Amino acid sequence: HTRLRTGTGVQTCALPISIDDAGCYLAPATGRLMFSQWFQRQRLEWHATNTGSYRVQLAHLGRTQATAAGIDVEARETCTPGTRANGRECLGPSSPGTYGHLVCGELLTYWHGHGMSFDADPAVSSAESLALLGYPLSKEVPFSTPQGTLVVQWFERARLERHTDQCGALGAGGLCTGASYVQSGLLGCAAAGFAPGSRLGG
């Protein structure tokens, strides 16, 4: 299977909430039946016609759940993808005439530090980060979660959340150093209609 670049599958996708033979569904984009498995944070999909690391992919749950929450996922800030200054970077497709969204501070560190594993190089490439999280779909916004209202930023495959109670000590530039300060939201539970924290056998 495709390996996760940082941490473990539990840390990145969380625990499974469905068995792997219960996720056959019709993919709207292709009209083909696809096998999948739901996890607390994600849905893993088997793309039989792809090769190598691209056979197992993470669903665009960030896009679907952001849209359901009323976020305009087509809106963009007027920043040029690839530009970076003062702890902020504009992330987005590099096509001419396109714009992206600014990702800042700890969220930017998280994006660059987490990704799928495509090779033996321990460093996380932008392509690997993109495969795990996708491009940003919004700027940082307040959002109501079971843990309370958090400042979050939506990505194609994730919702990154700032948990201020997990900030830890302040590091360089006044950034939080707590390992759990930035967390990926439980989008799999929400999209599959399970209660937050649901798990197989739980």
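Two strands are counted as paired if DSSP finds at least two bridges between them. The legends below concern close-up views of a predicted model.

**View 1. The open sheet of three strands, E6-E7-E8.**
In this predicted model, an open sheet of 3 strands has the order E6-E7-E8, and its pairing is antiparallel. E6 and strand E8 (101-104) stand at the edges, each with a single partner strand, so that one side of each is left without a neighbour in the sheet. E6 and E7 pair in the antiparallel sense over 2 bridges, and Ala-85 has Arg-88 of E7 as its bridge partner. E7 and E8 are likewise paired in the antiparallel sense, over 4 bridges, with Arg-88 standing opposite Cys-104 in E8. In general, strands of a sheet pair through backbone hydrogen bonds, either parallel or antiparallel.

**View 2. The two faces of strand E8 and the helix that lies across the sheet.**
Helix H3 lies across E6, E7 and E8, and runs at about 95° to E8. Leaving out residues up to four places away in sequence, Val-103 touches Gly-87, Arg-88, Glu-89, Leu-91, Leu-108, Pro-136, Gln-153 and Phe-155.

The largest nonpolar core holds 20 residues, of which Val-103, Leu-133, Leu-160 and Val-182 touch the most other members. Helix H3 (105-113) and helix H4 (126-133) are the elements that give two or more residues to this core, and H3 gives the most, with 4 residues. Apart from this core lies another, of 13 residues, among them Ala-66, Val-73, Val-152 and Leu-187. In soluble globular proteins, nonpolar side chains tend to be buried together.

Leu-137 is found in the loop between H4 and strand E10 (141-145), and counts as buried because its relative accessibility is 2%, where the cut-off for buried is under 20%. Leaving aside neighbours within four places in sequence, Leu-137 is in contact with Gly-62, Arg-63, Asp-72, Val-73, Ala-75, Arg-76, His-101, Trp-154, Phe-155 and Glu-156. One of these contacts, His-101, is 36 residues apart from Leu-137 in sequence, and the two C-alpha atoms are 7.1 Å apart in space.

**View 3. The disulfide of Cys-79 and Cys-90.**
A search of the whole structure finds 2 disulfides, and with bonded cysteines counted along the chain they follow the pattern 1-2, 3-4. One of them joins Cys-79 to Cys-90, with an S to S distance of 2.1 Å, and with 70° about the S-S bond this link is right-handed. The pair links distant parts of the chain, Cys-79 being in the loop between helix H2 (61-68) and strand E6 (84-85) and Cys-90 in strand E7 (residues 88-91), 11 residues apart. Both Cys-79 and Cys-90 are buried.

**View 4. The disulfide of Cys-167 and Cys-176, with two further cysteines.**
Cys-167 and Cys-176 form a disulfide in which the sulfur atoms are 2.0 Å apart, and the torsion about their S-S bond is about -90°, so this disulfide is left-handed. Cys-167 counts as buried at 15% relative accessibility, and Cys-176 counts as buried at 16%. The sulfur of Cys-104 is 9.5 Å from the closest cysteine sulfur, in Cys-79, which is too far for a bond; a disulfide requires sulfur atoms within 2.5 Å. Cys-104 counts as partly exposed at 21% relative accessibility, whereas Cys-189 counts as buried at 1%.

In H2, the residues Leu-61, Gly-62, Gln-65 and Ala-66 are buried. These four cover an arc of only 120° around the axis, which puts them on the same side of H2. An α-helix has 3.6 residues a turn, so residues three or four places apart point the same way. H2 is followed by Gly-70, whose phi is positive, near 90°.

Conventions:
Residues are numbered from 1 along each chain as its sequence is written. This is a predicted model: local features need pLDDT of at least 70, side-chain atom pairs count only at pLDDT 80 or more; totals for chains, interfaces and linings use all residues. Side-chain values use heavy atoms; hydrogens and water are left out. A nonpolar core is a set of buried Ala, Val, Leu, Ile, Met, Phe, Trp, Tyr and Cys residues joined through side-chain atoms within 4.5 Å. Buried means under 20% relative accessible area, exposed over 50%, partly exposed in between (1.4 Å probe, protein chains only). Contact means heavy atoms within 4.5 Å. Axes are lines fitted to C-alpha atoms, for helices over the stretch in contact, and angles run from 0 to 180 degrees between N-to-C directions. The arc is that of the directions from the helix axis to the C-beta atoms.
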